[in-house]
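Colleague: I've just opened this one and I'm new to it. Can we walk through it together?

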Amino acid sequence: MSFEDDLRKALRHEPAPPDFAAKVLARTSRTPTYRRAAVLALAAALALAAIIPAAVHRYRRHQRALEAKDQLITALSITKVQLQQMKEKIRRNTRSKL
Amino acid sequence: MKKAFLFLAIALAAFAQQTFDFKTLDKLGAKAKESTNITLEGDTLKLAVNFLEADNASLKPVVDNLKGVYVRSYEFDKEGQYADADLEPLRAYINTLQWTKIVDVKEDKETSEIYVKPLPNNRLGGLAIIDAEPKEVNVIYITGDLSTSDLAKLGGNFGIPDMKFLHDDKKAGKKSTPAR
């Protein structure tokens, strides 16, 4: 075989496989992986943006309620002590008058 | 026209009754070594009541219908660290409310007062305690619906003297100062 025959063989026209066009089209329409990851990240960020403030608000409300409850118990304890001291004073006063 | 003025006067009086700035009492504690300032009202008070746990459950009926709880408690290192005059605006305010003074004890340099707002059916619309000692001042002001038994519960076995005064007044047909 001559060099010319080899060249002709190498450059001869070969038809594309029948599903070639479909495969190319399928590849081009498929979303790239990085894009999908970005969409997921964005969705996660949006979900967190919605959840975190609500959780923080709930936590703060809970803390405020606990603090208020402690204050209420302190207030009632002081009231109790005061009422008992008043009772003692009244008793002392009554005795001294008798 | 007269009616309008009367209405305005009543409205102003009602407004004046509802407002006492408890922050004005904070100056009492300027030189205190220990101080407790508590102001609970509105949503904060409701939150506190709702958060009372099982171990405080017995308090719940006592505090369920309260509207406001104000406590100012100060302890001082030495005498003369506060001016009794700073308590006068509160006394004057309570006088405008026409609450009944059920305890008024004066011993040496100490003054102890209890005021209540009597309501029908052994109920109280409020309680105020002013206790001024040389090295200690306590002011307690509670508004809302309280039963006399709640008050007795709150003060341990106290409550009998003052509540008795109220009941004796009623039995004897005496008119106590009308509560608003």
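Predicted model: local features only at pLDDT ≥ 70, side-chain atom pairs only at ≥ 80, totals over all residues.

Colleague: What is phi of Asn121(B) near?

Modeller: Near 60°. That is a positive value in a residue other than glycine. Most residues other than glycine have a negative phi.

Colleague: What about phi of Asn122(B)?

Modeller: Positive too, near 55°. Asn122(B) is found in the loop between strand 4 and strand 5 of chain B. Asn122(B) counts as partly exposed because 16 other C-beta atoms lie within 10 Å.

Colleague: How many bridges pair strand 4 of chain B with strand 5 of chain B?

Modeller: Nine, in the antiparallel sense. Strand 4 covers residues 110–119, and strand 5 covers residues 123–133. Thr111(B) stands opposite Ala132(B) in strand 5.

Colleague: Where does strand 5 of chain B go from there?

Modeller: A hairpin of two residues joins strand 5 of chain B to strand 6 of chain B. These strands run antiparallel, with 10 bridges. One bridge pairs Ile130(B) with Val139(B) in strand 6.

Colleague: Which strand does strand 6 of chain B join through nine bridges?

Modeller: Strand 2 of chain B, again antiparallel. Strand 6 spans residues 136–147. Gly68(B) stands opposite Thr143(B) in strand 6.

Colleague: And how many bridges pair strand 1 of chain B with strand 2 of chain B?

Modeller: Eight, in the antiparallel sense. Strand 1 is residues 34–41. Asn37(B) stands opposite Arg72(B) in strand 2.

Colleague: How many residues of strand 2 of chain B are buried?

Modeller: Seven of its 10 residues, so strand 2, residues 66–75, is mostly covered. Strand 2 also has the highest confidence in chain B, at a mean of 94.

Colleague: Where is confidence lowest in chain B?

Modeller: In helix 6 of chain B, residues 160–171, at a mean of 36. Over residues 157–180 of chain B the pLDDT is below 50. Beyond near neighbours in sequence, that stretch has 35 contacts in the model.

Colleague: What is the mean pLDDT of chain B?

Modeller: It is 78, and 74% of the residues in chain B reach 70 or more. For the complex, the predictor gives an ipTM of 0.74 and a pTM of 0.69.

Colleague: Switching to chain A. How many helices and strands does chain A have?

Modeller: Three helices and zero strands. Along the sequence the pattern is α-α-α. Buried residues make up 11% of the 98 residues in chain A.

Colleague: What about the largest nonpolar core? Which residues touch the most other members?

Modeller: Leu72(A), Val69(B), Leu127(B), Ala128(B) and Ile140(B), out of 40 residues. Helix 3 of chain A gives this core its largest share, seven residues. Leaving aside neighbours within four places in sequence, Leu127(B) is in contact with Val116(B), Ile142(B), Leu146(B) and Leu151(B).

Colleague: Now helix 2 of chain B. Which of its residues are buried?

Modeller: Leu45(B), Ala48(B) and Val49(B) are buried in helix 2, residues 42–50. Seen down the axis of helix 2, the buried residues fall within an arc of 100°, so they line one face. On the other side of helix 2, Asp43(B) and Asn50(B) are exposed.

Colleague: Last one. Where is Leu97(B) found?

Modeller: In helix 4 of chain B, residues 88–97. Leu97(B) counts as partly exposed because it has 19 C-beta neighbours inside 10 Å. The C-alpha atoms of Leu97(B) and Lys117(B) are separated by 8.4 Å, and the two residues are 20 apart along the chain.

Definitions and conventions: Residues numbered from 1 in each chain as written. Chains lettered and ligands numbered in written order. Buried ≥ 20, exposed ≤ 12 C-beta atoms within 10 Å, placed from the backbone. Helix = DSSP H or I, 4+ residues; strand = E, 2+ residues; numbered from the N terminus. Pairing = 2+ DSSP bridges. pLDDT = per-residue confidence, 0-100. Contact = placed C-beta atoms within 7 Å. Arc of directions from axis to C-beta. Core = buried A, V, L, I, M, F, W, Y, C linked by C-beta atoms within 7 Å.
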